[in-house]
Amino acid sequence: WTVVAVYLAGTIGLGLLQIASMIPGTSRTGIIITIARLMGWERQAAARFALLLAMPLILGHATVTFWGLTRRTDLILSTDLAIAAAAAALAALLAVAGMMAWVGRRTFLPLAMARILLGAGALAWVLLSGRG
């Protein structure tokens, strides 16, 4: 039961920490990978888990968007639409393959540093421009 309790606590923790992704500029995938790594997961396992968790979210969003489009206009299922969908699917697969290849050879440090520097720069810009 102890093992089950540990996994359950980790799962609930991952779910609750995804709430932080509601903060503008925060990456849901980044949060999942970070927490999984802090829990001792290997880089590839953490990245794979984060990408797998994104699949229902993406499917749900696509379904809601498609449903909304069918309510607003006559949807024409054309060859152009099929080509665009195939191109989007291919681009997504290539992006996932590229990310998994990166994770297999390198650390997340350059990506984390880039996000920190961009975030600090954006924060400084907002504070110095008087918009904040």
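**Ground rules.** I number residues from 1 along each chain as its sequence is written. In this predicted model local features need pLDDT of at least 70 and side-chain atom pairs count only at pLDDT 80 or more, while totals for chains, interfaces and linings use all residues; side-chain values use heavy atoms, with hydrogens and water left out.

**Fold.** Along the principal axes, the C-alpha atoms fill a box of roughly 55 × 50 × 30 Å.

**Largest pocket.** I put its volume at about 470 Å³. Among its 19 lining residues, Gly30, Ile33, Thr34, Ala112 and Arg115 are the closest to the centre. A pocket here is an open set of points on a 1 Å grid over the protein atoms alone, where a 1.4 Å probe fits, with protein on both sides within 12 Å along at least five of seven lines; lining residues have an atom within 4 Å of a point. Volume is the space filled by probe spheres set on the points, which are joined across faces, edges and corners. Helix 2 (28-38), helix 4 (79-105) and helix 5 (109-129) each supply at least two lining residues, and helix 2 has the largest share with 6. I sorted the lining into 9 nonpolar, 7 polar and 3 charged. Nonpolar means Ala, Val, Leu, Ile, Met, Phe, Trp, Tyr, Cys and Pro, charged means Asp, Glu, Lys and Arg, and the others, Gly among them, are polar.

**Second largest pocket.** This one comes to about 390 Å³. Its lining is 11 nonpolar residues, with no polar and no charged, including Leu51, Met55, Ile58, Leu93 and Val96. Helix 3 (43-72) and helix 4 are the elements that give two or more residues, and helix 3 gives the most, with 7.

**Local details.** Helix 5 has 21 residues and reaches 30 Å from first C-alpha to last, close to the expected 30 Å (1.5 Å times one less than its number of residues). Just after helix 5, Gly130 takes a positive phi of about 75°. I also found Arg106 over the face of Trp102, at 5.2 Å from the ring centre (the rule wants NZ of Lys or CZ of Arg within 6 Å of the centre and within 35 degrees of the ring normal).

Notes
Helices (H or I, at least four residues) and strands (E, at least two) are DSSP runs, numbered from the N terminus.
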